[in-house]
Amino acid sequence: MVVQYKCPQCGADMAFDSTTGLLHCDSCGYDEPIDNREGQQHSETQNESETNWDHVHEHTNFNTDDTKEYFCMNCGAVVFTDADTTATTCSFCGAPVVIADRLQGSYAPAKVIPFQISKEQAQAAFKKWCKNGRLTPKNFCTADRIKSITGMYVPFFLYDLNGKGEANATCTRVHTYPQGDYICTETKYYNVYRNVNLNYVKIPCDASEKMEDSMMDRLEPFDYSNLKDFNMPYLAGYIAEKYNYDEKQLFPRVRKRAEQYVSEYLRSTIQGYHSTRMNYEHVDVQPKDTYYTLLPVWMVCYDYKQAEHTFLMNGQTGKIVGKPPFSIKRALQWFASVSVGTYAVLQLISSITSKLLGGGWF
Amino acid sequence: MNTSTDLKKLRSHLSLFLAVFFSVFLLCTISNQVKADTMVPKEDQYIYDDADLFTSSEEEKLTKQIIQTGQEQDCTFLILTTNDSIDDSTTYIEDFYDTLYNDDILNKNAVFLLIDMDDRLVEVRAFGDCEDHLSDSDCEDIRLSITDNLSDGNYYDAVQSFITNSQEALLAPLDDSSKDSNDITYAEPIVPQKNQFIYDISGLITKNQTTKLIEQIKEVSKKQNCNFVILTTDDPLRDTTRYIHDFYNAAVTQKVISKDAMILLIDMNERIISIKSFGTCSQKLSFSLLEKIRNSVREELSNGDYYKGTVEFLNQSDRYLTFAYADNLFFKPWFLMLIALGVGGVTILVMGYQHSARITTNDHTYLDESRSGIVARHDNYVRTTVTRVRKPQENHNSSSGSFGSSGGHSVSSGGHSSSGSSGHF
């Protein structure tokens, strides 16, 4: 089923506006709050299910829909989608299209953070970022290289986790004092024990196959104060995808991260000693809740020297992640000028000092 | 097409940067550190004007004057000028003299004038029979008489007065010394004794002070790995420099001191202070540093406080040897270059690191602080261990370490490197 949002005043297509947070009609300028819209088909959320993973596969039959063709309700053209697309725009008439079938059952997102940065802002940020790059090739930014700019809701799982950590360590305090002809070193040994119970809230984990995990981790943090219950109109006008990995498959990755957090916390509680030797450390991380959430990301694809580069931007906070092209020439330029400059200054100081100390002027 | 032109551009840029970098490096190096090459001796050339201080007509006139005076005095005058830095001007002159003498260009009687424009130093030095006539103080007088002209940039006048003054000095003492030598009893050369560092023939320092001084000498010697010797004399000396050098040579051959040494001579007869440095000490202490040491010693000696003067000698030598800027890494261009390259490298690394985005979350980002915390903890004291180490002792009874046995060191050659500073007080 395809969902398109029509303006109640003029009948044109409406899209989500990141600046107002409302559905907006470009034709007549009508704004409509999203909560008024009827399409609350996402009632099936997973937060009630606690640590029970098994329900996920009940709905695997949805995969059969992958090959199904969708038609634009405006022009009747085929809407080109791949198996994961849940929202897109009609390539013929440009109308925002949300594919409701793929947002149902286990694929119904629980939460969403709507876009807060507009396309224009993202574009401007990209250009600014190009100029600031001190190691990017100089001619890189003179040309407009943006091939495509896409606002995309990337599927994430947010994990509420409980971490328990226990550690036993031998710590020392060292005190040195003189005594007659001797220097005494007094070492006090302590047996230190810590047991911590930590709750982590909504650690995100990227569930899309297409997005690089390391890039996604760098986009964090998202501001959860704007986390909304999922509603389909948020997707209107953007690209959205459904998850490729479910919460069970992703859990090892998030557990590893949480274990590290717990361990770091545990170690940070042992303070005031000169040395610490861990005898025993045990960390256990258990899942409490998961939320299937769509998070906003701006993707800018640009090509430079026959290679495609991707520029990502957190669609909420504006944090930029990208691998800009690296210019060896500019790196050498910097290296040479810094080195020459430093050398000249050092040589000057050295000459002046030696003249001052050993100067024999007649 | 595009890539090949880009590559060419990159190559040209790269070579430009490297060229600029190395030329700056070379420039800095040449201007400061490159040592002067020894000059190439030529027959019938008396003026080696590397610094280009004279015009060709001036040079001609001076050469004529030199030839004329030289024939009268049976002595050759040589004028050396240089722009490059010289480690030790005395050695530089001595080396040049040796080459000339070995090549039969010069008979052994010669007086040298070196004008070092790099350090702005003047040195006058006499060899052969001239050395007997021109004592250190005579040379000093000649030097002083021409410094004013040099400071004003009248190099030609300076050299002329050098020649005339030297001529006068050569003429005068010839008769005087032959007459006087019968009346004057010159000081006997000092015989070096093992573990003796103070040869107080004039009796300027009391016994109490001597023991204190010896303590200090031992301490400084050990610290600087260099021997300190104090000589005093009442009797007139034929030549201060030679007197000290003779003592040094004897002491080194008898292995009483190592070849790295500093010697202070207080000549009560002429009221001359002379400080000479040998071996590594002479490399570390430039002439101007020795002058500085001598000046601070002179202040005390002029007041008649000989003990304080010698203490000052030890303290100042210690101070300048410790700094030893000739040895200090900071003054070595290759070290500076290394630092510069290091700074450049670090800058690039930091920039490269900033080039891609970083992870800005940490273990507290997702922590629910209100529902997290320590459930149980204890810090139980177990035991205490105490280790005792004896304090490092300061007075170790060994100065033996500083007496290096210098196997193949030949002293008789006279080619040892030394530098000196002497003057009245």
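## Basis of the description

Because the model is predicted, local features need pLDDT of at least 70 and side-chain atom pairs count only at pLDDT 80 or more, while totals for chains, interfaces and linings use all residues. Residues are numbered from 1 along each chain as its sequence is written, chains are lettered from A and ligands numbered from 1 in the order in which they are written, and side-chain values use heavy atoms, with hydrogens and water left out.

## Chain B as a whole

Chain B has 12 helices and 10 strands; these are DSSP runs numbered from the N terminus, with helices being H or I of at least four residues and strands E of at least two. Of the 425 residues in chain B, 46% are buried, where buried means under 20% relative accessible area, exposed over 50%, and partly exposed in between (1.4 Å probe, protein chains only).

The accessible surface of chain B comes to about 22,200 Å², and carbon and sulfur atoms account for 50% of that area, as computed by the Shrake-Rupley method with a 1.4 Å probe. Among contacts in chain B (heavy atoms within 4.5 Å) between residues at least 6 apart in sequence, 71% join residues at least 24 apart.

## An open sheet in chain B

In chain B, 4 strands form an open sheet with mixed pairing, in the order β1-β2-β3-β4; two strands pair if DSSP finds at least two bridges between them. The edges are taken by β1 (47–49) and β4 (121–127) of chain B, each of which has a single partner strand, so one side of each is left without a neighbour in the sheet. From one strand to the next, the twist averages 10 degrees.

Strand β3 (residues 110–116) of chain B runs antiparallel to β4(B) and is joined to it by 7 bridges, and D116(B) stands opposite L121(B) in β4(B). Helix α3 (residues 89–102) of chain B lies across β1, β2 (76–82), β3 and β4 of chain B, at about 40 degrees to β4(B); the axes are lines fitted to C-alpha atoms, for helices over the stretch in contact, and angles run from 0 to 180 degrees between N-to-C directions.

## Salt bridges

Over all chains, the structure holds 17 salt bridges, each being a side-chain nitrogen of Lys or Arg within 4 Å of a carboxyl oxygen of Asp or Glu. One of them joins D82(A) to K210(A), with the closest N and O atoms 2.9 Å apart. D82(A) lies in the loop between β6 (78–79) and β7 (85–89) of chain A and K210(A) in the loop between β11 (182–206) and α2 (213–219) of chain A, so the pair ties together parts that are 128 residues apart in sequence. D82(A) is partly exposed at 34% relative accessible area, and K210(A) is also partly exposed, at 46%. Salt bridges that share partners join D82(A), K210(A) and E241(A) into one network.

In chain B, the side chains of R125(B) and E123(B) meet in a salt bridge (3.6 Å, N to O), and both of these residues are buried.

## The surroundings of S202(B)

S202(B) is placed in the loop between β5 (198–200) and α7 (207–224) of chain B, and is buried, with a relative accessible area of 14%. A polar atom of the S202(B) side chain lies 3.1 Å from the backbone oxygen of T233(B). Leaving aside neighbours within four places in sequence, S202(B) is in contact with T232(B), T233(B), D234(B) and M268(B).

Notes
Polar contact = N/O pair within 3.5 Å; in protein donor to acceptor, adjacent residues only side chain to side chain.
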